[in-house]
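Entries are in the order I looked things up.

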Amino acid sequence: MVILRHKLQLAFIVIVSIALGLLLPSFYKAANQAMGISKDVSTPKISLGNTDASFTRGDEKMLTHNSLQRQHLRSSRPPLPPSSPPQTHPCTCGKGSKLLKDFIPPEQYEELQQQRAKEWKQYKERTTSVLSKPLYALPNSPLQYPIQGFTVQPLQPTLIPGLGMYAETRNSYKVVLKVSRGILNVVKKTTEATVEGEGSSTLTVESSKPHVINELLSNVSYTSAFYHINSGDLATFQFEDDEVVFPIAIKRTQMPILYKMGKDISSQVTIITKTFLRYPQLNKLIDSIRLFYTSVKIIIADDSIEPQKVSGDNIEQYIMPPSQGWFAGRNLGVSQVTTKYFLWVDDDFLFTKDTKIEKFVEVMEAIPDLDLVGGSVKENRFYFSLFYEEGDEEEGGCLYRKSHGHFHTLPGYPECFLADGVVNFFLARTDSVRKVGFDPKLQRVAHSEVFMDGMGSLMVASCSGVSVGHQSNSKTNKEYMKFRKPGEKDKVSKNQLHFSKNYLKCVKWG
């Protein structure tokens with residue numbers, strides 16, 4: 001029975017061999033014609049002593065042609081764009097823009113220009129990463145590698161996921177992996193491959209078996225050589241003429257900051273206001289708040305010249321040095337918030353039945369990406385978009401604020417849309433606004449500036465259906481009105497600040 005089974009197996013192999021001998025010439029001829037080869041190739045020989053097919057010259061010609069074809073593709077493809085960032089160019093100031101250098105005294109201009117150039121350089125160094133460098137994936141590559149999402153802790157060894165090499169048959173395979181800000185190691189080794197460069201920035205792996213190469217590549221670890229909380233590296237992965245680059249993000253994990261939110265609004269929101277010489281208006285605001293929200297904490301930042309005590313349940317009044325200004329008071333108020341959100345109101349606002357803080361909270365909770373959502377003040381739903389062109393290193397950027405400019409609506413909330421800035425009545429995520437802050441140098445002329453400073457950091461929306469009233473008798477306060485309108489000095493100081501702090505060439509308020 002055993003002899004008979006072996007004879008049957010041998011007969012089957014012979015039959016298959018004959019069939020392949022008849023079919024393969026046609027197959028190879030068709031394949032070569034499809035690839036542009038008109039010359040016939042010889043029939044591959046089949047080794048009956050081994051179940052693996054061993055190809056001879058005809059197949060080698062095909063492999064050689066494939067390799068030549070790939071080389072032709074490489075040589076004929078258009079050149080890649082430069083990997084370095086593009087050169088900057090001066091931005092264009094639109095009609096009606098203010099040239100900020102015109103607000104700088106001539107005798108101070110040169111020194112100030114040098115100072116801001118130095119600050120700009122340091123800012124770019126802090127905010128520009130090696131991961132900002134453009135990377136391009138080459139066509140028809142036999143290399144597999146991570147293109148996004150590979151993040152390591154500083155100084156901690158981490159396996160590089162997804163490395164692989166899938167090439168045509170060769171006698172030997174060699175891959176090279178290089179990094180510039182770290183070291184490479186192989187966690188699990190084998191005697192079937194040669195590994196060079198462990199513990200250095202260049203690792204070479206060579207073997208005659210591709211599966212051994214891939215097994216070793218799955219055990220390659222990267223360790224950053226320097227401590228930095230938010231940096232990166234670029235790894236080069238090479239096999240013969242194929243070379244690819246992939247990013248490695250080096251980032252310290254941030255500690256989460258979470259809030260315990262109850263079901264009642266007082267555990268979710270704190271109301272903040274800033275007051276200056278307007279106690280009658282402030283008391284009316286507080287009375288209107290308590291009509292609708294009896295227990296929500298109210299924080300008052302007070303820089304009045306002669307402070308008066310404001311009393312009431314769950315009210316915190318913080319007395320500041322006199323006349324510290326609008327944004328300094330906001331900073332103080334936000335610094336004392338212990339809830340997840342705060343609601344900003346002016347001291348001459350009035351709560352009405354349409355002042356629905358819960359609606360703001362609903363939107364913010366439904367869309368965690370949001371940092372701030374604004375409403376309307378007495379039917380005035382003011383909002384704007386910002387258009388910023390960075391410009392060159394010498395003159396700085398150009399900024400245009402477009403009133404009533406906005407972007408698309410929020411998913412699930414057609415009454416809300418995204419914008420860059422909103423009216424002076426908004427609910428904000430406490431931690432997000434603290435990171436941006438309010439510049440205390442802006443004392444009397446300030447609103448858009450916090451949104452300018454928060455551009456790219458704060459996700460802002462404006463919603464209809466939530467509004468607050470406005471007291472009409474604010475102007476009867478004669479003492480307050482002496483300080484109400486900023487003088488020319490304040491306006492000049494604001495433009496000088498934009499020139500030096502924001503590295504702006506010009507600003508247009510639309």
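Which residue in β26 is the bridge partner of Cys398? I looked it up in what is a predicted model, and the partner is Cys506.

**Entry: the sheet**

I then went from that residue pair to the strands around it. Strand β20 covers residues 396–403 and β26 covers residues 504–509. I found five bridges joining the two, and they run parallel. The sheet they belong to is open and has five strands, in the order β1-β26-β20-β19-β23, with mixed pairing. At its edges stand β1 (98–99) and β23 (421–422); each has a single partner strand, so one side of each is left without a neighbour in the sheet. As a reminder to myself, strands of a sheet pair through backbone hydrogen bonds, either parallel or antiparallel.

**Entry: helix α11**

Next I checked the helix at residues 488–501. With 14 residues at 1.5 Å a residue, α11 should span 20 Å, and I noted that its end C-alpha atoms are 20 Å apart, which agrees. I listed its buried residues as Lys494, Asn495, Leu497, His498 and Phe499. What covers them includes two strands of the sheet above, β1 and β26. The cover also includes the helices α3 (106–127) and α9 (448–453). Just after α11, I noted a positive phi of about 55° at Tyr503.

**Entry: the disulfides**

How many disulfides does the structure hold? I counted three. For the record, a disulfide is a covalent bond between the sulfur atoms of two cysteines.

Cys398 is joined by a disulfide to Cys91, S to S 2.0 Å. Cys91 lies in the loop between α2 (57–76) and β1, and Cys398 in strand β20, so this pair ties together parts that are 307 residues apart in sequence.

Cys506 has a disulfide of its own, to Cys93, with the sulfur atoms 2.0 Å apart. Cys93 lies in the loop between α2 and β1 while Cys506 is in β26, so the link ties together parts that are 413 residues apart in sequence. Here I read -100° about the S-S bond, a left-handed link. Are the two ends buried or exposed? Cys93 is partly exposed, with a relative accessible area of 24%, whereas Cys506 is buried, with 1%. The cut-off for buried is under 20%.

The remaining entry is for Cys416 and Cys463, whose sulfur atoms are 2.0 Å apart in a disulfide. Cys416 lies in strand β22 (residues 413–419) and Cys463 in strand β25 (residues 460–470), so the pair ties together parts that are 47 residues apart in sequence. With 115° about the S-S bond, I noted the link as right-handed. Cys416 counts as buried at 0% relative accessibility, and Cys463 is buried with a relative accessible area of 3%.

**Entry: the pairing pattern**

What is the pairing when the bonded cysteines of the chain are numbered in sequence order? I wrote down 1-3, 2-6, 4-5.

Definitions and conventions:
Residues numbered from 1 in each chain as written. Predicted model: local features only at pLDDT ≥ 70, side-chain atom pairs only at ≥ 80, totals over all residues. Heavy atoms only, no water. Pairing = 2+ DSSP bridges. Helix = DSSP H or I, 4+ residues; strand = E, 2+ residues; numbered from the N terminus. Expected span 1.5 Å × (residues − 1). Buried < 20%, exposed > 50% of the residue type's maximum accessible area, 1.4 Å probe, protein only. Contact = heavy atoms within 4.5 Å. Disulfide = S-S within 2.5 Å.
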